[in-house]
Each structure stands twice: as C-alpha cells, then as structure tokens.
Amino acid sequence: MQFTMSMDLSAAPEEMWRVLTDVKRISECIPGCENVQEIERLAVYTATVKQKIGPFKLEVPADIRIDDADEPARVRMHAAGSDKFTGTRLSVVMDVTLVPEEKGTRLTVDAQFEVNGRLVTLGMPMIKRRAEQNFQEFESRLQALLEKA
Amino acid sequence: MRPAAFEYLRPTARNEAIRDVQGSDAAFFYAGGTELLLALKMRVLRADRLIDLKRIPDLDSIHLSEQGDLIVGARATHRQIETSALIQEALPALSQLCSQVANIRVRSVGTIGGNLCFAEPHADPATLLAALGARLHLVGPEGERVVAADEFVLGEFETVRGEHEMLTHIVIPPQAGPSSYRRFRHGERPSVGVGMSWRLAKGGKVIESVRIRFGALGPRPQSVEAVERCLAGVEIDNASDELAVVLPDALDALEVISDRHGGDDYKRHIALTLLKRCVADCREAAVVRRS
Amino acid sequence: MTVQSLAIGFTLNGRDVAAEVPANRLLIDLLRDHFKLKGTKRSCDMEVCGACTVLLNGEPVSSCTTLAADADQGAVVTIEGLCDPNGLSRIQQAFVEHGGAQCGFCTPGFIVAVTDLFNRNPSPSDDEIRHHLRGNLCRCTGYVKIFEAVKSLVPSAREGAMKSAATSQPSLMPITGKVS
C-alpha cells in the first residue's frame, strides 16, 4: 500500500528537522505506537505497535531504523515487526522530504506499507481501509506536532 | 490447525455467564462456534476463556409476545428459524433467509445471535433485521438495554455490544406489510444482500413507506433514502415503475467495497437486480394478502 | 496456564463412551485419534467441504470445527454408525451402483449428509436434494452421479430406476475427435 501526504509548515526546514529527528515523538504520532525506545541515536529504535479490529488484536514489536539522514532535506526510515500469535508481519518504508518555501517548509511523506500473514485472511480491503485511517490520523497528529514546534 | 488452549466454562444461567465473561480479557461467549471456533483454529483470534451458552435455558425460544412482537432467541439456530412454523407463517422472508445461510452443517448449530455479534460483513441476518425495524436486547454487568438492529453493526467485526454483554433475544415488531430478502452468493457467504419491508396503508393497495437495507456491500448494512422515498405513497402495482425512475443513479450512494466477492460496479449491478426482485416479491405478497 | 481437562461422556454410534480431553480438543481428532474411527475425513479444515460431517444430536456438523466438549451428554453418529453390519447400507449401495464415488474421500461426508436429508424429508425434490448437498464438495465425480445415486433413493424415482437399470447400457459417447 502506498500513502503520501504533503503539508505546508510556517517554520524553516532546519527547525522542522529538529522535531522530525525526535523519533520518539514522531513515532507516537502513529496510532497504536507506544513504548518507543532509543537503541542508537538517529539510527536504531524499538517500539510496540498495537491494533484492534473488532475482537482481532495485533501486538507488534517493531524495529525502527533510520536508513538515510540528509540534514535538513531528507530522512528515510523503515520499520518492521511481527505479531507472534497471528504470524502477521507489518513493514513500512517511509521517506520524509523537506523543501524550503517562501513562507516556510513543504513537508512530504511517502510511505510504503505492507501487511502479510494470517490476519490478512480477514480481508485485505478492510485492512487497507484501516491502514488509510491510521495514515490520516498520523498526518493530523504530525501536523499538530510540527506546527506547535 | 488447532486452537490454542483455553479455559472452558458452561454456565447454566445468564448472570453466571455475565460473571464468567468478566473473568478474563480474552473471554468469549459461544454457542455454535461456526465463526468463532474457526477464527480460533486459524489463530487469528486468541481466546483464553470460552463460555458455552448452550446450557442456559430459554435463549433459543421463538414465540409471539402478547403485543404481537415476534421474539427470536439469540441462540436460535438458522435451522430452528428456517423450520419454525410460526416464522414460516408470520415472517416467511426470515425463514427463507435462514434456509440459505451457508450449508446444512452451519445451519444446524450456527445461531442468529452469533451471526449478528460476529458481524462478518458478508452475512444476511443483520440486513433483513434492519429492514424489519427489529430491536436487539442485550444484558451485561450494567443491566439490560435495547439497540435498534439498524444501529447494532458498526463496521467489520464490530458491533455496539460491549465485551461483557450478551445478546439475549431479537424483537421484531408486527409488520404492516410484506417483506422480502434476496441475496446473491457463489460461495458460502452472500456477496450482495437486499432486505425490504413495506408498510401498507389501510386497504392494502398503497405503500405508505418502505425500509430497504443493502448488506454485504460495505462494512455494515446501508440504506438509500432516494429509493425509500420514491416508493412512499405509491400504489403497489406502480412500485416497479416508480423504482425504475430513480435507478440506477440512486445506487451510486452505496458504499461498495471491491473484494474477492466482486468488483464494485458488478456488485452495484447485482444490488440493483435484487432490489427490483424484492419489490416484485413484496408486490406479489401484498396482492396475495389482499385476496 | 494449566491445561484444563474435561471429562466427557456421550453415545458414539449407539455405544456409551467416555473421554478426558483438554477444552481445545476438536471432535474430529477425538473420533479419529482416540476412538480410531477413520471414516470421518479432514479435508479443508474450515467447515466448507463437508468431508468431516458427522451427526451430533441428530444434526450434521463439521467435526473439524466442533469441540469434543460439545459432544458431552449428546449423541454422535459417524459414517461407521451408518453402515449395515451385513454389508452396505441402502445409501452406500446407491452410491456404488451409480458411480457416486471415485477416490471416496468425500463419500463419508456425503453419506452422512444424505442420511440427514432423508431423515428430514423422505421424498425430497431435485432442488431439495441439491440444496441439502450444496455444502458437500467433491473434486472427482462432477456431482452428477452423486445426484443420481441420491435421486434413486427417492420413492417415486426408485421404481423408475429399477426399471431402467434392467435394460440400460452404459452411456459412453464415442470419441470421434471431431468438434461439432
């Protein structure tokens, strides 16, 4: 699944970069993401992603890695993990780009998200819709976070 | 596959069952288990406690109340509903619906309550019950409450029922006209379902109002106001013609999800066909009723 | 969590039996592994194919998705319980005569379903036969012979079948290699 979002922010890229590289705070914008731990600054993190659809639950211990950081223009990261009980794997590759504009920064997020494993048998369209909802929620929270900073 | 281990309880009274379900955060009621046990076997769902409801008396009763409501116990199986003389007489659309659910094995032990509570979107009962204006009775730690069938299903696998609440029975008010349910399926589950009930004016020649619900297309049963409106106040013999005026455009309002049951335009087309057939069914029943 | 053990008792093909099972034991496994009744088959393992059909309290169920605990205090009848001690039952005989079984894997499930059909309705119509057997899948026969076998057991059809069986030839169309 491919998701993309863009937002115009009033601050300069350098200021946005500071917030964006606070992986803990950014991760907490992801619905269901909690307990973010730093293993190696700006490189390796862990988190737990929890999701519930009706009675069906996922609890995914995720590894988050920053693949590429080009201050203050671009960050690429990926995260992945599996829910042990249902054998369902979530993985995402995310590219964040910051482009300076007259009035601040244009931030773009491109995410490639995959779900594999037994939970998919419940129906991929339903899972896609939930992923879309989560991405939209992520966008709102991220915007709020970045505008506040 | 086999289900992971769980604790197994067999309460003999409703309040025992409500108490038992609160004892764990992964406790589930079950009766036939045709949906739940499969999810446990496939290990997409984890339960550490199963509460068998089959020893609780009076949960599968089918009878008429003093007010003329049709009461269907939540634990009534599809087979019981299909073969109930009372339902065949009073609400043949429901009997016919239940006769077509899945296969003989599911119909033997699968219950209407289980079907509603599991809320798989490709299911039949929720659609017709919403069209009939049915009410669902729940009991839980905080007491009893009633929810309109129309509002029971929130989305895929999600209902308003709280984790600790039990669906006890369904109340279908006396119907002031005919009803029909048509579905299309090529497997075990419906790909498209349409439920309809007519309220006839005195004399039985004019439709006062209709309730129509479209199921299995989206996460929950849906209504289309334009279709319901176009039939209000119409003579039964003109119903099909009046309907034709608003079709197919009115069905653009339906949320239709493309999945392995079909693409959205295919399903929308089937919904249109089933809708027309439901109108024909109701007209025929209304004519017969009059004579 | 300590594995809870349930003591269950039921009649199996008319005989009183008992077993001690964990709550998550499936009926099919109890029948096949504990009671060594191998006639009931596990095929799809998800309640759609009917190969695992047994009668529980007189009703057909998918034993692959039924708890052994659900048999407690009840009556289970498997394909073994539907046999005639002296040979084949009426239904089995019909299947043999009409070629209603090839590999035979789906056959026990079909026989149980057909038994249920005639228990409910001694004279089903063609549509009723098809509707009742809709949930039993066969990958070999293409269903026609199964249908004919069942149809031959319907009272009015039986007489007609007995007549034509005496005079019929096997219907084999010659293969000419020509498409017409």
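Modeller: In chain B, 62% of the contacts with a separation of 6 or more are between residues 24 or more positions apart. Please keep in mind that this is a predicted model.

Colleague: How many residues of chain B count as buried, as a percentage?

Modeller: Of its 291 residues, 49% count as buried.

Colleague: And what radius of gyration does chain B have?

Modeller: Chain B has 19 Å, which agrees with the value near 19 Å that a compact globule of 291 residues would have. Along the principal axes, the C-alpha atoms of chain B fill a box of roughly 60 × 45 × 35 Å.

Colleague: How many helices and strands does chain B have?

Modeller: There are twelve helices and 13 strands in chain B.

Colleague: Into which domains is chain B divided?

Modeller: The division of chain B gives domain 1 at 7-52, domain 2 at 62-172 and domain 3 at 191-290. Taken over C-alpha atoms, the centres of domain 1 and domain 3 of chain B are separated by 37 Å.

Colleague: Let us turn to a sheet in chain B. What is the order of the three strands in the open sheet?

Modeller: The order is β11-β12-β13 of chain B, and the pairing is antiparallel. At the edges are β11 (179-184) and β13 (207-215) of chain B, each of which pairs on one side only. From one strand to the next, the twist averages 10 degrees.

Colleague: How many bridges are there between β12 and β13 of chain B?

Modeller: Strand β12 of chain B, residues 192-200, pairs with β13(B) over eight bridges in the antiparallel sense. As one example, B:Met196 has B:Ile212 in β13(B) as its bridge partner.

Colleague: Which helix packs on that sheet?

Modeller: Helix α12 of chain B, residues 264-290, packs on the sheet and touches β11, β12 and β13 of chain B. The direction of α12 makes about 30 degrees with that of β12(B).

Colleague: Now to the other chains. Of the two pairs of chains in contact, which share the most contacts?

Modeller: Chains B and C share the most contacts of the two pairs. That contact takes 22 residues from chain B and 25 residues from chain C.

Colleague: Which elements give two or more residues to the chain C side?

Modeller: On the side of chain C that touches chain B, those elements are β4 and α3 of chain C. Strand β4(C) provides the largest share, four residues. By class, the residues on this side of chain C are 13 nonpolar, eight polar and four charged.

Colleague: How many residues of chain B are in contact with chain A?

Modeller: Twelve residues of chain B are in contact with 13 residues of chain A. The chain B side of this contact has six nonpolar, one polar and five charged residues.

Colleague: And how far apart are the nearest C-alpha atoms of chain A and chain C?

Modeller: They are 12 Å apart, and chain A and chain C do not touch.

Colleague: What are the domains of chain C?

Modeller: Chain C is divided into domain 1 (5-82) and domain 2 (90-165). The C-alpha centres of these two domains of chain C lie 23 Å apart. Across their contact, 14 residues of domain 1 of chain C meet twelve residues of domain 2 of chain C. With three residues, strand β3 (residues 53-56) of chain C gives the most to the domain 1 side. That side of domain 1 of chain C has eight nonpolar, five polar and one charged residues.

Colleague: In what order do the five strands of the open sheet in chain C come?

Modeller: The order is β2-β1-β5-β3-β4 of chain C, with mixed pairing. The edge strands are β2 (15-22) and β4 (59-62) of chain C. The twist from one strand to the next averages 40 degrees.

Colleague: How many bridges join β1 of chain C to β2(C)?

Modeller: Eight bridges join β1 of chain C, residues 5-12, to β2(C), and the two run antiparallel. C:Ser5, for instance, has C:Pro22 in β2(C) as its bridge partner.

Colleague: Which strands of this sheet does helix α3 of chain C touch?

Modeller: Helix α3 of chain C, residues 107-120, packs on the sheet and touches β3 and β4 of chain C. The direction of α3 makes about 40 degrees with that of β3(C).

Notes:
Residues are numbered from 1 along each chain as its sequence is written. Chains are lettered from A and ligands numbered from 1 in the order in which they are written. This is a predicted model: local features need pLDDT of at least 70, side-chain atom pairs count only at pLDDT 80 or more; totals for chains, interfaces and linings use all residues. Two residues are in contact if their C-beta atoms, placed from the backbone, lie within 7 Å. Ala, Val, Leu, Ile, Met, Phe, Trp, Tyr, Cys and Pro count as nonpolar, Asp, Glu, Lys and Arg as charged, and the others, Gly among them, as polar. Domain bounds come from an automatic or database domain assignment. Two strands pair if DSSP finds at least two bridges between them. Axes are lines fitted to C-alpha atoms, for helices over the stretch in contact, and angles run from 0 to 180 degrees between N-to-C directions. The radius of gyration is taken over C-alpha atoms; the globule rule is 2.2 Å times the number of residues to the power 0.38. A residue is buried if 20 or more other C-beta atoms lie within 10 Å of its own, exposed if 12 or fewer, and partly exposed in between; C-beta atoms are placed from the backbone.
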